[in-house]
Amino acid sequence: MTALRRAGLLCGLALSGCVGQADHFYTLNTVPDGARVAGQPTIHVRLQVTIPSLMDRNEMVLSTSRNGIVILDHERWAAPLADQVSQTLARNIEGRRTDVFVGDRGFDRAASPPVMLKVDIVRMSAQRGGQARIEAHWRIVDSSASVDQLGSGSFEAAMSGDGYAAVAQAYSQTLSDLAERLAQEVRRR
Amino acid sequence: MTEPPVLPPGGLPPGGLPPDDLPRAVADPPRRARLPFVWILPALVIVVAAFVAVQQKLAQGPSIDIYFQGADGIEANKTKIRYKDVDIGDVTDIHVSKDRKKVVVTARIHRDAREYLVEDTRFWVVRPRFAGGSISGLGTLVSGAYISVDVGRSGAERRNFDGLEVPPIVTADLPGREFVLHADDIGSLSVGSTVFYRHISVGQVVAYTLDPGGASVTIKVFVYKPYDGYVATNTRFWQASGIDMSVGSDGVKLRTESLASILEGGIAFQSLPTATAAVPAPADTEFTLFTDQERALRQADAEVRTFIMYFSGSLRGLSAGAPVDLRGITIGEVKGLSVEYERDPGRLRFPVEVDIFPQRIRGLGRRDDHPPGIESDTAGRALLDSLVAHGMRAELKTGSLLTGQKYVALDFHTDLPPDHVGWDARPPVFPTAAGALDEIQDSVGSIAKKLEKVPLDKITARLIATMATLDDTLKNADRLVRQLDGTIAPQISDTLKEAQGAMKNAKEVLGQDAPLQSDLSATLLELSRAAKSVNALVDYLERHPEALLRGKPGESK
């Protein structure tokens, strides 16, 4: 074998090594899906969401056993999961309460202090082909109504299929259930 | 007659002559002298001359000696003796007396003025004088001094006189009358002091003497005619000397008769107004010289009742003569103040003796139609008892805050316990009440006692130290304020403006709606995401280091 052949073989091997599996990206969506009902929001809810650091990564993480997980390097969230959870939760609440506007501190108004809504998702897990489950603690502080209440809840949703998109769908459903609960907790003015 | 022995010729023999040998004297009878006629003329001349000499001697008048302290202005054979400015004699000789104490001026008086030389005739030298605010004898500046005569009225002749050193105030021929005044002291009066009547100069003080015993003085005043007619039996004389300044409970009074009286004193007189016509006083009538006009013209009250008042407060400011006042009307005066020791309780009391003039209170005094006696006294007592029962009390009041003089005020106090006049005592004791002044004094005394306990000296010392510190502090503060005002205030103002601008800018920069804030927030978010991505990459490379060469391996299905 000549040196040229050897070099071509090595390049071929190297190039063959560089050829990998394609990545797939997933997003969360509001449930029910649809545009916001027109209305005049009067309550500004400032939402702050945290998720477990285990889940706060771009790769989708699935539970394989009681203590095992798998990080799917090629099944990825299209945006950071914490941002997606926060935005999905906000849109879900707005979809259920037309008088509520969920936004960050840039929308604070002096005449109407915002309702502070802090949601701490302490557990978030899903099994492929199984169900998605989240457990959340929340705190609602409404200074204008002198309300400072705590709450917690666990929400589950079964997956409609075996694919990874079903995982994102199941998570979306659990977040919808959580938003339903929170929309009820926020006091009307 | 025995004849003398005749000596023999040749003298006496030795051993003498025998008696028989003596020559016998023979008498030679005188022959009758006969005056020749030639001597008649000289004899006649001598007789005539003697007659003329006697005549001249008789025409010269008597020679007198006048004794003076000095002979200033008097010259022999030049100075005249004058009476009413008429020459009645000449100074003939001046010599010093044997005892050298006086100067003897010998003068020859004209014969027709012989009768002037009587016992009480007075001589004095007229020369320029300034006395009593007036100048006299100016004419003698030109004509020279002369000796003036005041002819006496005595019948006894006299040839030796003691000359007056100063001209007499009153001469014998001056019309008017002399009166005698008695006073406690002479005051500022002197011989020559003016006597005033309604501010008109009507007389002069001619003499004063200290009475035997030295307790008083007697002053003789001469009032010229026709003013002497105003001196009546009810006339009152008073001292008008200098400026009469009286400080009483009613304030300060200044009174004077004239400018001259300010300088040399004076006496004024005035008659009391009476219903009956005043009787002119004869010469040498004696009067009392009062110290001031008010006392002199004070009406003598016919009836005087004396009372004793015991006041609880201090009597300072109360003096004899202070009025006793009944709601503004003076009905008496304070007669005297004293101190008495009361043995029984062993305390000091200060009786004030006052004279009340009942006639000044209608109904209380004796009336003319009511004969004096027990009945009137009884009625007066009853009335006074009634007044006291209705609350009349005596109290001390301050008449003038300026002088602090007090007076006794009678007034009604209905809130006081009942009291009565102590008629048993002599004089009777009139009840008193503590005046408002006493109460104030008690209060002030109480306050003063409390103040005494306050350590004023320490407080003062500390206060002074504090004041000094405060002064320094204020100076520093003033300096600081000046500095602030002049230097720092503009800088502070500028700084504040700049700070305001900076705050505005900061607000714009750091505000929630500020672009920087939102950009920064977004940047931090991106940074956080980048960190997470790096973290994920590192984590992935830890798990798949070959991915650097081969890329991500495929998922195990």
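Predicted model: local features only at pLDDT ≥ 70, side-chain atom pairs only at ≥ 80, totals over all residues.

Chain A contains three helices and eight strands, and if you follow the chain from its N terminus, the elements come in the order α-β-β-β-β-α-β-β-β-β-α. Of the 189 residues in chain A, 42% are buried, while the accessible surface of this chain comes to about 10,000 Å², with 53% of that belonging to carbon and sulfur atoms.

The largest nonpolar core has 47 residues, and the members that touch the most others are Val119(A), Ile121(A) and Tyr171(A). Helix α3 of chain A, residues 164–185, supplies the largest share of this core, namely 10 residues. A second, separate core is made of 24 residues, including Phe307(B), Val352(B), Val408(B) and Phe430(B).

Which residues does Val119(A) contact, once its neighbours within four places in sequence are left aside? Among them are Leu47(A), Val49(A), Leu89(A), Trp138(A), Leu178(A) and Leu182(A).

Lastly, the surface of chain B carries a nonpolar patch of about 810 Å², to which Ile447(B), Leu463(B) and Leu474(B), among others, contribute. Helices α6 (436–453) and α7 (456–510) of chain B each supply at least two residues of the patch, although the largest share, six residues, comes from α7(B), the helix in which Leu463(B) lies.

Key: Residues numbered from 1 in each chain as written. Chains lettered and ligands numbered in written order. Heavy atoms only, no water. Helix = DSSP H or I, 4+ residues; strand = E, 2+ residues; numbered from the N terminus. Buried < 20%, exposed > 50% of the residue type's maximum accessible area, 1.4 Å probe, protein only. Areas by Shrake-Rupley, 256 points an atom, 1.4 Å probe, with all protein chains shown as cover. Core = buried A, V, L, I, M, F, W, Y, C linked by side-chain atoms within 4.5 Å. Contact = heavy atoms within 4.5 Å. Patch = residues over 30% accessible without salt bridge, like charges linked within 9 Å, V, L, I, M, F, W, Y side chains within 5 Å. Salt bridge = Lys/Arg side-chain N within 4 Å of Asp/Glu carboxyl O.
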